[in-house]
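Me: I have this structure open and want to go through it residue by residue. Can you take my questions as they come?

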Amino acid sequence: ELDESGGTVSSQTTYVVDYELLTSPVLVPWASGITSIDHNLYIRGRYVYEANYQAGLRILDISQMTATTAQNKLRETGYFKTWQSTINRAFNGAWSNYPYFGDDGNGNPEFVVVQDIEQGLFVLDVSDALEQ
């Protein structure tokens, strides 16, 4: 949160710690290009479900973590914007999410709940954002 709100990065940045070699973990930053603040994220299967305040819920595919370039390690496959205005670096909008309801038979959630600070609760069918 504070890297975006403090202006130390140019866009919303997700940090992944690569533990492929347990003796040499690597911190990998992934910049989304969105001017927003990320918050709570959860991993289920090959997807990250990330609350991004004014940018809403972002769904990222993590199946390419062995890619040599940091920007190729994660790929956005879908999003749902809960904030009703333009996106800025501010603490409004999607605060958290919960992708652990049900199982579609492929290890993915049947739906995701997103909690928005101003708008309340959203129950989302995210199946279009998940590659089967």
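Me: Which backbone oxygen does the side chain of Arg44 reach at 3.1 Å?
Reply: That of Gly107. The side chain also reaches the backbone oxygen of Pro99, at 3.0 Å. Both are polar contacts: a pair of N or O atoms within 3.5 Å, where one must be able to donate a hydrogen and the other to accept it, and residues adjacent in sequence count only if both atoms are side-chain atoms.

Me: What should I know about the model itself?
Reply: This is a predicted model: local features need pLDDT of at least 70, side-chain atom pairs count only at pLDDT 80 or more, and totals for chains, interfaces and linings use all residues. Residues are numbered from 1 along each chain as its sequence is written, and side-chain values use heavy atoms, with hydrogens and water left out.

Me: Back to Arg44. Buried or exposed?
Reply: Buried, because its relative accessible area is 12%. Buried means under 20% relative accessible area, exposed over 50%, and partly exposed in between (1.4 Å probe, protein chains only).

Me: What is Arg44 in contact with?
Reply: Leaving aside neighbours within four places in sequence, the list includes Tyr49, Tyr100, Phe101, Asp103 and Asn108. Pro99 and Gly107 are on that list too. Contact means heavy atoms within 4.5 Å.

Me: Which strand does Arg44 lie in?
Reply: E3, residues 41–44. Helices (H or I, at least four residues) and strands (E, at least two) are DSSP runs, numbered from the N terminus.

Me: How many bridges pair E3 and E4?
Reply: Four, in the antiparallel sense, with E4 covering residues 47–51. Two strands pair if DSSP finds at least two bridges between them. The bridge partner of Arg44 in E4 is Tyr47.

Me: And the turn? How many residues are between E3 and E4?
Reply: Two, in a hairpin. Gly45 sits in that turn with a positive phi of about 65°.

Me: Switching to the open sheet. What order does it have?
Reply: E7-E8-E9, three strands with antiparallel pairing. E7 (94–101) and E9 (120–124) stand at the edges with a single partner strand each, so one side of each has no neighbour in the sheet. From one strand to the next, the twist averages 20°. That angle uses axes, which are lines fitted to C-alpha atoms (for helices over the stretch in contact), with angles from 0 to 180 degrees between N-to-C directions.

Me: How many bridges for E8 and E9?
Reply: Five, antiparallel, with E8 at residues 111–116. Within that pairing, Val113 has Val123 in E9 as its bridge partner.

Me: On to the largest nonpolar core. Which residues touch the most other members?
Reply: Tyr49, Leu57, Ile59, Val114 and Val126, out of 13 residues. E4, E5, E8 and E9 are the elements giving two or more residues to this core. E4 gives the most, with three. A nonpolar core is a set of buried Ala, Val, Leu, Ile, Met, Phe, Trp, Tyr and Cys residues joined through side-chain atoms within 4.5 Å.

Me: Where is Val126 found?
Reply: In the segment after E9. Val126 counts as buried because its relative accessible area is 7%. Not counting residues up to four places away in sequence, Val126 touches Tyr49, Leu57, Ile59, Pro109 and Val112.

Me: Now a loop. Is Thr68 buried or exposed?
Reply: Exposed, since its relative accessible area is 82%. Thr68 is in the loop between E5 (57–61) and E6 (75–80).

Me: Last topic, rings. How many aromatic pairs in the whole structure?
Reply: Six. One of them joins Tyr53 and Phe91 edge-to-face, 5.1 Å centre to centre with 90° between the planes. Rings of Phe, Tyr and Trp (its six-membered ring) pair if their centres lie within 6.5 Å; planes under 30 degrees apart count as stacked, over 60 as edge-to-face and the rest as tilted.

Me: Why does that pair tie together parts 38 residues apart in sequence?
Reply: Because Tyr53 lies in the loop between E4 and E5, and Phe91 in the loop between E6 and E7. Tyr53 is buried at 4% relative accessible area, whereas Phe91 is partly exposed at 40%.

Me: Which residues do ring pairs link into a cluster?
Reply: Tyr42, Tyr98, Tyr100, Phe101 and Phe111. Tyr98 and Phe101 pair edge-to-face, with centres 5.0 Å apart and 65° between the planes.
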